[in-house]
Amino acid sequence: MPQDRAALRLMGLELSPYTMKVQSFLRFKGIPYEWVSRNRLAEKEFQAHAKVQLIPLLFFPDGETMQDSTPILERLDRDYPAPAMQPDDPALWFLSCLFEEFGDEWCNKLMFFQRWFYAADARATGRRLAAERFSGEWWSAMARPIAAQLLVRRMVPRLAYSGGNATNVPQLKQSFENLAALLETHLQTRPYLLGARPCFGDFGLWCNLHQAWTDPTANAYLEAHAPTLVAYLKRMLHPSVEGDFEPLDTLRPTLAPILAQEMATRFLPWMVANHRAFAAGEKDTSLQMNGQLFQQKTFKYQAVTLDELRRKFASVAGNATLTALLAETGCLAAMTADG
Ligand SMILES: N[C@@H](CCC(=O)N[C@@H](CS)C(=O)NCC(=O)O)C(=O)O
């Protein structure tokens, strides 16, 4: 192995929210790493180590590899404890976990539908993906135009997977615009979600919203309506400690509306319905969301991550401040198995 090889190697793409999430976290922790583009040249190495066909793929110096950004961040936080990624306060700790999951599983829908549902965005993304996939190959400029079209043809049907279908788009569009407005207010007086330093929740929340900002339609909307949020999206590319986490009291006035309007009415009802459908062996999940039908394929992954979120809640369920906030905002029921 060449001496100058950095300790960790991060394989992925800039168009991958979860790869950018891990990169941002490595920067936050000050962990040296080598970026490895998952282009065609890296395909052989990817296939030799990947357990699932997903990026990011993280290589440790001892040859161990990891996939799935949430356990990757938790592992890196154990290996490199400083600066801490989580608040000590149990209520803030759980809210940070809840936002990480919300960002990973709900905001992904808000990004994905805008990226592939609108023709201009799909074309733009196809070109960017082709440029990344064929980077490092002399002839790539000639192949890109056709490659871009092929990638769009492969990715657009994926919309069904992420729930970006015509039935759901009204709810997803409303959710994106409402979330942007609520974050624009919440981030007026603080650089990060829970105060003057980033938490676990920031990395999940940021990664998909940042990707959306790189796409034409969402970029135009955010630039016009949410300049403070845009500044946050740029800040999280190189997150750093600028002070302390705030007490829940000062966060609550602008954080509670996000819990009530986006998590309690959209994200959690979908996660609970998906969990129930998975348990019942139903391949499709449908529910009423703000009086509208919301339907998509049922996923094992999100059923498992809801169990994990519920396990985390159970570890702090005795915290009266937290349970009061979750009850007031309509999020508490979903935190327990019969929720
Ligand atoms: N839960 C995983 C999700 C990883 C994921 O969905 N990665 C996408 C790119 S962001 C991927 O590799 N998709 C496969 C493909 O597009 O072929 C994580 O957090 O790492």
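How many Å separate a nitrogen atom of the ligand from an N or O atom in the side chain of Asp68? The distance is 3.1 Å. This model is predicted. The report starts at the ligand and then moves to the backbone.

## Contacts with the ligand

The shell around the ligand holds 13 residues. Those that come nearest are Ser16, Ile55, Asp68, Ser69 and Tyr301.

Three of these names return when we look at nitrogen atoms of the ligand. Ile55 uses its backbone: an N or O atom there lies 2.8 Å from a ligand nitrogen. Asp68 uses its side chain, where an N or O atom is 3.1 Å from a nitrogen of the ligand. Tyr301 also brings a polar side-chain atom, 3.1 Å from a ligand nitrogen. A pair of N or O atoms within 3.5 Å counts as a polar contact. On its own, the ligand has 510 Å² of accessible area, and the protein covers 79% of that.

## The pocket and its shell

Where does the ligand sit? The space it takes is the largest pocket.

What kinds of residue make up the shell? Seven are nonpolar, three are polar and three are charged. Two helices that supply residues to the shell are α1 (17-29) and α7 (140-155). Each of them gives at least two.

Domain 1 spans 5-79, and domain 3 spans 117-162. Both give residues to the shell, so the ligand lies between them.

Now follow the chain at two of the ligand's neighbours. Ile55 is among the residues nearest the ligand. What is the form of the peptide bond from Ile55 to Pro56? That bond is cis, with omega near 5°. Pro56 belongs to the loop between α2 (43-49) and β3 (57-59).

Asp68 is another residue that comes nearest the ligand. Is its phi positive or negative? Phi at Asp68 is positive, about 80°, although this residue is not a glycine. Asp68 is in a loop too, between β4 (65-67) and α3.

## Another cis bond

Ala82 and Pro83 are also joined by a cis peptide bond. Omega here is about -15°. Pro83 is placed in the loop between α3 (69-79) and α4 (90-105).

How values were computed: Residues numbered from 1 in each chain as written. Predicted model: local features only at pLDDT ≥ 70, side-chain atom pairs only at ≥ 80, totals over all residues. Heavy atoms only, no water. Near = heavy atom within 4 Å. Polar contact = N/O pair within 3.5 Å; in protein donor to acceptor, adjacent residues only side chain to side chain. Areas by Shrake-Rupley, 256 points an atom, 1.4 Å probe, with all protein chains shown as cover. 1 Å grid on protein atoms, 1.4 Å probe; cavity = no way out; pocket = protein on both sides within 12 Å on 5 of 7 lines; lining within 4 Å. Sits in = over half its atoms within 2 Å of the grid points. Helix = DSSP H or I, 4+ residues; strand = E, 2+ residues; numbered from the N terminus. Nonpolar A, V, L, I, M, F, W, Y, C, P; charged D, E, K, R; others polar. Domains from an automatic or database assignment.
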